[in-house]
Amino acid sequence: MTERRFACTACGQCCYGVLPLTLHEAIESAGIFPLAMSITVIKAGSRGYSSVGNIGVQIPTKQRKPLSLLVFPVSFIPPSLPCPQLTETNLCSVHENKPLRCRTMPFYPYKDDDHQSEMLVPRQGWLCKTDSDAPVVYRNRQILDRGDFNNERAELVRQAPALQRYINLLTQYDRKTYERIVGTGKASVPGRVLVGFISYVRFNKGLDMLDFAQKQHPILRQWAERTSVDTRFAEYHNFYKNELSVLTRYLD
Ligand code: SF4
Ligand code: SF4
């Protein structure tokens with residue numbers, strides 16, 4: 001019998017770096033998080049991703065089989081910098097309304113249920129309790145309290161058609177990004193392709209581009225300044241600067 005124990009001590013250490021968001025959360029938090037769209041190739045037969053068909057999207061390739069992708073918005077923050085919602089006492093300032101991803105932590109509904117025990121191993125520096133004082137949260141390849149996990153997975157399934165429409169348009173009109181995605185799929189460990197979240201807003205006629213640009217522009221400028229002096233942040237700094245120049249066109 002596989003049994004895993006886990007308790008959160010609210011150390012705040014998992015509130016650093018990139019945070020996956022739902023589409024709704026990303027649009028609602030354009031005035032809070034520096035946004036990006038994350039695109040990752042899931043190779044056929046990848047361990048733990050057999051149920052990805054419900055939440056993933058596909059793009060055609062020159063080969064017979066399409067390429068499976070996980071596509072989701074992220075708050076794109078360097079791993080050593082905290083979420084803007086984290087307080088100085090390491091507590092979440094929006095605890096009652098925090099993103100679904102934060103509620104489900106450490107479980108990860110992008111992966112199959114029988115791979116969730118891997119998520120219960122704290123990363124270096126995380127102060128999660130996993131000893132005998134912590135409650136059993138996972139038994140016989142099943143999460144015991146599935147409420148938050150089911151809610152997040154249901155939202156990922158619900159938004160999958162919108163992401164498929166988005167990726168169809170993106171890869172049709174932006175062939176460079178299409179080639180980058182296909183290129184990462186050829187690597188032994190596929191990397192992540194990041195594109196501006198503005199590409200989702202642009203392809204979605206129901207969204208207000210000006211409103212999005214007005215909220216997101218000051219956030220990207222703030223993060224571009226914050227990451228300008230340390231070369232470790234170069235990837236992030238360049239991303240913010242590029243996105244700022246795109247957004248500026250909508251504000252002029
Ligand atoms: S929203 Fe709250 S729980 Fe989520 S990463 Fe930010 S500080 Fe942490
Ligand atoms: S790292 Fe672990 S203990 Fe710390 S806030 Fe995150 S889940 Fe809780």
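Predicted model: local features only at pLDDT ≥ 70, side-chain atom pairs only at ≥ 80, totals over all residues.
**Stop 1**

Select β1, β6 and β7. These 3 strands make an open sheet in the order β1-β6-β7, with antiparallel pairing. β1 (3-5) and β7 (142-143) stand at the edges with a single partner strand each, so each has one side without a neighbour in the sheet.

Now show β6, residues 136-139. Its pairing with β1 is antiparallel and runs over 3 bridges. Its pairing with β7 is also antiparallel, over 2 bridges.

Which residue of β6 is the bridge partner of Glu3? Pick Arg139. Turn towards β7, and Arg139 stands opposite Gln142.

Next, step into the hairpin of β6 and β7. There are 2 residues between the strands. Click Asn140: its phi is positive, near 50 degrees.

**Stop 2: helix α3**

Select residues 147-173, the 27 residues of helix α3. The end C-alpha atoms lie 39 Å apart, which agrees with the span of 39 Å that follows from 1.5 Å a residue.

Where in α3 does the kink lie? Centre on Ala160. The kink there is about 40 degrees, shortly before the proline Pro161.

Colour the buried residues of α3 next: Glu152, Arg153, Leu156, Leu163, Tyr166, Ile167, Leu170 and Thr171. Then bring up what they pack against. That is β4 (57-59), β5 (67-75), α2 (100-104), α4 (175-186) and α5.

**Stop 3: helix α7**

Select residues 234-251, helix α7, with 18 residues. From first C-alpha to last, α7 reaches 25 Å, close to the 26 Å expected.

Show Tyr236, His237, Phe239, Tyr240, Glu243 and Leu247, which are buried. An α-helix has 3.6 residues a turn, so residues three or four places apart point the same way. Keep that in mind while looking down the axis.

The cover over the buried residues of α7 includes β3 (35-42), β8 (192-196), α5 (198-202) and α6 (209-226). Leave α5 on display: the buried residues of α3 pack against α5 too.

**Stop 4: the ligands**

Select ligand 1 and its surroundings: Cys15, Leu19, Cys83, Gln85, Leu86, Cys92, Val94, Lys98, Pro99 and Cys102. By class, this shell holds 8 nonpolar, 1 polar and 1 charged residues.

Move to ligand 2. Which of the 13 residues around ligand 2 come nearest? Display Cys8, Cys11, Cys14, Trp126 and Cys128. The shell of ligand 2 has 10 nonpolar and 3 polar residues, and no charged residues.

Note on methods
Residues numbered from 1 in each chain as written. Chains lettered and ligands numbered in written order. Helix = DSSP H or I, 4+ residues; strand = E, 2+ residues; numbered from the N terminus. Expected span 1.5 Å × (residues − 1). Buried ≥ 20, exposed ≤ 12 C-beta atoms within 10 Å, placed from the backbone. Contact = placed C-beta atoms within 7 Å. Near = placed C-beta within 6 Å. Nonpolar A, V, L, I, M, F, W, Y, C, P; charged D, E, K, R; others polar. Pairing = 2+ DSSP bridges. Bend = angle between axes of the 7 residues up to and from the residue.
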